[in-house]
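Please read this briefing with the sequence and the model side by side. The points below are grouped by topic.

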Amino acid sequence: MPTTPTKQEFMYTRIKICCIRDIREAETAIRCGASAIGLVAKMPSGPGPIPDDLIRQIAAAIPPPIATFLLTSRTSVREIIEHHRRTHTNTIQIVDALTEGTYEEIRAALPYIKIVQVIHVISEASVEEAVRISRSVDAILLDSGNPNLKVKELGGTGRVHNWQLSRMIREQASCPVFLAGGLKPENVREAIETVEPYAVDVCSGVRSDGLLDKDKLEKFISEVRRAGRTGN
């Protein structure tokens, strides 16, 4: 079972750069200060998907202790496990709700892999869902998608959700909380001060014409550092 990190472990906000497209982008993100990168597999919508074989190549090139996240839209535990075995990241980010199987089954099959469940913060019902799931995973990631649409939005919307709901989740969750959804250099400091997450996650906010923008990335990371301690 996951355990809640201590106050000391929450000293500074971690940074995950998502939608990494190639090894060069991964290296740039890491040099600038990212502690995790997101590798997006096939999705029903949203930016940044790359083939599974490229995800595996990038993950293999990343040195420890950087976390490599496979973003999978599979909802069956069997398919999630198979997807991971094709990509070999050290973390699985499940962007939709499980429809078949349990987190315990994933953990049994992949005992050394971290499990992160995305919660799309839509209403107060999202708080209850997040708190319940937080007891079974290594982290939850709060995003601004909408899996209830005909074509599911499972991330990369560029929209900000209600940070007050995210704060409620962070205060009650049993595991670390990543904050995503519309973050950019201009608002990430306020987001950290409002929610006090373990980590922030950004995609479009540090890109220009779809490509990782080093200037935006450096400004984003600088604003995260200025926010300082998260206060947990």
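Ile 17 stands opposite Ile 37 in strand 2, and strand 1 and strand 2 (residues 36-40) pair in the parallel sense over two bridges, where pairing requires that DSSP finds at least two bridges between two strands. This is a predicted model, in which local features need pLDDT of at least 70 and side-chain atom pairs count only at pLDDT 80 or more, while totals for chains, interfaces and linings use all residues. Residues are numbered from 1 along each chain as its sequence is written, and side-chain values use heavy atoms, with hydrogens and water left out. Helices (H or I, at least four residues) and strands (E, at least two) are DSSP runs, numbered from the N terminus.

**The chain as a whole**

- The secondary structure of the protein chain comes to eight helices and 10 strands.
- Of the 232 residues in the protein chain, 54% are buried, a term that means under 20% relative accessible area, whereas exposed means over 50% and partly exposed lies in between (1.4 Å probe, protein chains only).
- Among the contacts in the protein chain with a separation of 6 or more, 61% come from residues 24 or more positions apart, a contact being heavy atoms within 4.5 Å.
- The protein chain has an accessible surface of about 10,800 Å², of which carbon and sulfur atoms hold 49%; such areas come from the Shrake-Rupley method with a 1.4 Å probe, and for residues only the protein chains shown count as cover.

**The barrel and its strands**

- Eight strands close into a barrel in the order 1-2-3-4-5-6-7-8, and the pairing is parallel.
- Neighbouring strands of this sheet are turned by 25° against each other on average, direction ignored, with axes taken as lines fitted to C-alpha atoms (for helices over the stretch in contact) and angles running from 0 to 180 degrees between N-to-C directions.
- Strand 1 (residues 14-17) is also joined to strand 8 by four bridges, and the two run parallel; here Ile 17 stands opposite Val 202 in strand 8.
- Five bridges join strand 5 (residues 114-120) to strand 6 in parallel, and Val 118 has Leu 141 in strand 6 as its bridge partner.
- On to strand 7, strand 6 is joined by three bridges, again running parallel, with Ile 140 opposite Val 177 in strand 7.
- Strand 6 is largely enclosed by the rest of the structure, because five of its five residues are buried; Ala 139, Leu 141 and Asp 143 point one way from the strand, while Ile 140 and Leu 142 point the other way.

**Helix 6**

- The buried residues of helix 6 (residues 163-172) are Trp 163, Leu 165, Ser 166, Ile 169 and Arg 170.
- These residues lie on the same side of helix 6, because they cover an arc of only 150° around the axis, the arc being that of the directions from the helix axis to the C-beta atoms.
- Helix 5 (124-133), strand 6 (139-143), strand 7 (177-179) and helix 7 (188-195) are what the buried residues of helix 6 pack against.
- Asn 162 caps the N-terminal end of helix 6, with a side-chain oxygen 2.8 Å from the backbone nitrogen of Gln 164.

**Helix 3**

- In helix 3 (residues 77-87), the residues Val 77, Ile 80, Ile 81, His 83, His 84 and Thr 87 are buried.
- Their arc around the axis is only 160°, which puts them on the same side of helix 3.
- The buried residues of helix 3 pack against helix 2 (52-61), strand 3 (67-72), strand 4 (91-94) and helix 4 (103-109).

- Val 206 is found in the loop between strand 8 (199-202) and strand 9 (207-208), and Val 206 counts as buried at 0% relative accessibility.
- Leaving aside neighbours within four places in sequence, the contacts of Val 206 include Ile 17, Leu 211 and Phe 220.
- The C-alpha atoms of Val 206 and Lys 216 are separated by 5.0 Å, although these residues are 10 residues apart along the chain.
- Lys 219, found in helix 8 (residues 214-227), is partly exposed with a relative accessible area of 45%.
- Not counting residues up to four places away in sequence, Lys 219 touches Pro 185 and Glu 186.

Technical notes. A polar contact is a pair of N or O atoms within 3.5 Å; within protein, one must be able to donate a hydrogen and the other to accept it, and residues adjacent in sequence count only if both atoms are side-chain atoms.
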